[in-house]
Amino acid sequence: MYNETTHDGQAHDEHDDHGPAKGLMRWVTTTNHKDIGTLYLWLAFIMLLYGGSMAMVIRLELFQPGLQWVEPHFFNQMTTMHGLVMVFGAIMPAFVGLANWLIPIMIGAPDMALPRMNNWSFWILPFAFTMLASTTLMEGGAPAFGWTFYAPLSTTFAPDSTDFFIFAVHLMGISSVMGAINVIATILNMRAPGMTLMKMPLFVWTWLITAYLLIAVMPVLAGAVTMMLTDRHFGTSFFDASGGGDPVLFQHVFWFFGHPEVYIMILPAFGIISAIIPTFARKPLFGYSSMVYASASIAILSFMVWAHHMFTVGMPVAGELYFMYATILISVPTGVKVFNWVTTMWKGSMTFETPMLWALGFIVMFTIGGLSGLMLGVAPVDTQYHDTYFVVAHFHYVLVTGALYSIIAAFYYWVPKWTGHMYDETLGKIHFWWSTIAVNVLFFPQHFIGLAGMPRRIPDYALQFAEFNMISSIGGFAFGLAQVFFLYIIIKTIKGGKKATDRVWEGATGLEFEELPSPPPYHSFTVAPQVK
Amino acid sequence: MILNKLSRGFLAVAIGLIAMMSTFAARAEYTLNMTQGVTPISHDLYGLHMLVFWICVVIGLLVFGVMAYSIMHHRKSKGAQAANFHESTTVEIVWTVVPLLILIGIAIPATGTLLDLEDAKTNADITVQVTGIQWKWKYTFVDEDVSFVSSLAQSSRDVVKDPTSNEHYLLEVDNELVLPVGKKIRFLFHSNDVIHSWWVPALAVKQDSIPGFINDSWAIIEKPGIYRGQCAELCGKDHGFMPIVVNAVSEDEYKEWLAGMKAEAAAAASAANEEWSMQDLVARGETVYQANCAACHGPTGAGIPGAFPAMTGSAVVNGDAAGHIDIVVNGKAGTAMAAYKNQLNDVDIAAVITYERNSLGNSVGDTVQPSAIKNAR
């Protein structure tokens, strides 16, 4: 239901705006937040399939002991590119796409604050990823030093293609910073009258905090790769001990970026789950303000814990103690979030449509990943966990069944609003159960092989790890196939389907559901709604 | 009020789940779990690991239990009416403070263990310097003048296509590190090239070896036996192929082994003064090549285009012997080519150079004698 003023405003607008341009140029020249959101989401999905296909190569080689399919050098390129593509190509652009689509319609703004920059920050990315992907075809191969690219393996000992990698990272950083500036400018300046900060949906809050994290740490990453570049070509020795530099400095700089980066990939997920759970529990979110404060606390703490990735580099004991205490402290605000979601469900009137299933899957499996994170934070025991498959299992539980699950939940939750079509409920449920069984077959056994002593990033392994690796690979292939099935569901939903109501979900709240039709007009909220 | 109802729910679920847990406990051993190891630290780490693990299990089951109860009972299809509570400062404070107390409970034993773990300096009986080299380990007994390189055994290299017949595939080496039981051994870690990480789970030692730094760690091995480990930090192409084997023996056997190593080194030094035939040099050189050079330059000398140069037809190999000797002995700065004067003896270097010049598709026809290497050092 949208009010008279909005109606009049839109009717009036049609005189000077005729909706999207026709053809390909619509997408190249667009400054519309909905178009740009769609572009980001498609890029993220293509990158998910690209990064996923590299994961399939990894799991194929690890299916049984011995070297059957690829050479170790190529295997290292696969693990490196898989990580880079998934982090910078799939998860981050997917969240920026959701921010573009949702923030303006959630806060009652007509568009993002800086629409032309918005176009630019998207269109940099296809070039960055084309350049990154092209390194695979170069002589000497793609970067093969892991997505964390520790010096000196990534400087003195790296293939020539590393320079392309460095430039691609610069471009991705520029894109992210511009996207973040846009999000902050939009949220702080373009809220509808009455939309106070403490009335904003949590997705908007978590993205506001995420945007500040991005602006703070992407330049640090740019600094790290620039130092690599000058070490490689211009005679500096930032990370070269023989020239007076320090290889461990690289790790400090990298993780000063890298740990907040982890929260960049999970805070928007918290916002999504905080929207979906109340809708299907038909009950307001429990502890809204504590959710806001917990998100802010997590963001601030995320700057102070980076060296827990480096417990084996030989830090002073005092440093190890501090980083252990600070790290396990993060589990307090994270726990508050989980408790709030569970309490939101308590005494609700729940139904279990597809978005709710993905959100519940998120809570359970993200909690498993969070708890293994607590174990990893205990510095002395990290001696045995560090750089094993236990770590691989941990971060895939928080990034796949955490971040990726929230993105898929968001797709099912908002796609009826975006397209005006309901997705096929049966297919959506099949997608959920198929993925969830497969992903646990894939990652749960990795806890065991990690504890039993299998290091990560190895193309071949001792015989005692054979059974669990085979099980894990089977789960991997099934999970990969499930996402191809997802592509079918996406296309089917865009092409047609049951007409979605404006409200979409019985329990849905927020401007996008209460004030806009499904699908929303190309330009929405040209006259700001009044928020009471 | 809410708190009352919540806690009643939590309690019911907790009792049920704790009963379930005890049946799992018996199975959580052996290959599914961390090793208990054979050093005092490894026992402590195992205990701490299990403590934190069970805390996580209890927290997880409580959270999932409440969720499961809620999903079962508070569903619309069962006619549940939604309540409208959405705030309680008391509850928020409780679930901030209780986890904080649990964390303090974890942090106290963890701090004690960490302080023990880091106490490598006091009262060490034996000091072993461990040097990471792409892709092998060099061990130097600092007080004994014994030093040797340990790399993946040929019996593993031979079966990479189908390793199922080799019980210790990828976890066996040509030269084991022999250490005495019951002594405090201090390890010093260092690297020649990139960052490696020396990890033997049973000793609970995992420490990065970093170029330009010296790290340390320690172990007192309680039981004789063979303990296997691997490099844990991605260090390039053959990161997965640089295992560690520690053979813990009684002090007498250790002494005997040390004497044997010294005699071997003396024999090698006198062999370096002899004149060697080309046939003997090439035969010995092939073994040395496969263990040290084949990883980059390829078993047939083809190299990896763009990454590692080929031996076959190489200008250095087919050029002047002095230039060939220089690059093998001193390495090439700024590349992955290491200085082999730190890793191989004169005979082995002479043998591998002679092999490269007269095999792998090359036929220069000359021999390089160990004495030439001695002069080049």
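Predicted model: local features only at pLDDT ≥ 70, side-chain atom pairs only at ≥ 80, totals over all residues.
Before you click, residues are numbered from 1 along each chain as its sequence is written, and chains are lettered from A in the order in which they are written. Local features need pLDDT of at least 70 and side-chain atom pairs count only at pLDDT 80 or more, while totals for chains, interfaces and linings use all residues.

**Stop 1: the core.** Select A:Ile91 and A:Ala409, the residues with the most contacts inside the largest nonpolar core, which has 266 residues. (Such a core is a set of buried Ala, Val, Leu, Ile, Met, Phe, Trp, Tyr and Cys residues joined through C-beta atoms within 7 Å; buried means 20 or more other C-beta atoms within 10 Å of a residue's own, with C-beta atoms placed from the backbone.)

Stay on A:Ala409. Leaving aside neighbours within four places in sequence, its contacts (C-beta atoms, placed from the backbone, within 7 Å) include A:Trp358 and A:Phe362.

**Stop 2: the whole meeting place.** Which chain A residues touch chain B, and how many? Select 81 residues of chain A, in contact with 82 of chain B. Helix α12(A) gives the largest share of chain A's side, 8 residues.

How values were computed. Buried ≥ 20, exposed ≤ 12 C-beta atoms within 10 Å, placed from the backbone. Contact = placed C-beta atoms within 7 Å. Helix = DSSP H or I, 4+ residues; strand = E, 2+ residues; numbered from the N terminus.
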